[in-house]
Amino acid sequence: IKPTMNFYGIEQKIKIHKDNPDTKISIKKREWNQYDKEYWGQYCLDLEFLTKRHVIPLQNFWVNDKLVYWYNAYNPSYCYDFKKDKKRKIYSPYSKEYKFCTNVNNDVWQGEEFLPWVDEILIITKSYKDVLVLEKLGYNSVAPQSESICFDDIKMSTYKKRFKIIYLLYDNDETGKKYSKINCDKHDLIPIFIPEESNCKDTSDYIKSNGKSKTINLIN
């Protein structure tokens, strides 16, 4: 019987503490294909850019040496490789139960290694896909590992020294609004949301439905 993600998967919302034994995630890469190009192209993201931002298409991956995924064109998985200490997040966009499997703790922020050291504006958002979309549109962006965490004081102090203005762009749903308020109130950030009347909850949804130019106009 093949093991399933339901058995071996690690949900995104589970906090992995520093003192817990590390979960090992091993991967086997494959080549990009037309299905990948079409999926990411919906968000105006090209494969060359994804490769530079450490997004890897997967043939297989293992959790603690247990094989839990085989490539299927209708259920692709991608690895966000954080390089440091073999920390990885697996993204399976069409999976109904386990879209994310990760061994990354909350100290690692998605996209941080690609930020300039100093600049005018930083947009904190809720996922690496949104970070990639915003960066492709010309904005500095970074995301915590989960939308439902309270930002660390030291992390925010560092960002404030590097960027003059910091916006928090979370989903325009109940969870996004809740944690946007918590973090904006605590760290004096500026909350922004995709308008509810657009029927899109985040930047990725919006660019998929409305295209690049309209998304740039909206963010501006």
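I count two strands as paired if DSSP finds at least two bridges between them. Strands (E, at least two residues) and helices (H or I, at least four) are DSSP runs, numbered from the N terminus. This is a predicted model, where local features need pLDDT of at least 70 and side-chain atom pairs pLDDT 80 or more, while totals for chains, interfaces and linings use all residues. Residues are numbered from 1 along each chain as its sequence is written, and side-chain values use heavy atoms, without hydrogens and water.

**Sheet.** I looked up β9 (residues 163–169) and found three bridges joining it to β10, with the two running parallel. Y167 sits opposite I190 in β10. Helix α6 (residues 174–187) packs on the sheet and touches β9 and β10; contact means heavy atoms within 4.5 Å. The direction of α6 makes about 155° with that of β9. Angles run from 0 to 180 degrees between N-to-C directions, and axes are lines fitted to C-alpha atoms, for helices over the stretch in contact.

I then read the strand order of this open sheet of four as β8-β7-β9-β10, with parallel pairing. β8 (141–142) and β10 (190–192) are the edges with a single partner strand each, so one side of each has no neighbour in the sheet.

**Helix pair.** Next I checked α4 (residues 128–136) and α7 (residues 203–210): their axes come within 8 Å and cross at roughly 55°. From α4, K129, D130, V133 and L134 make the contact, and from α7, T203, S204 and I207.
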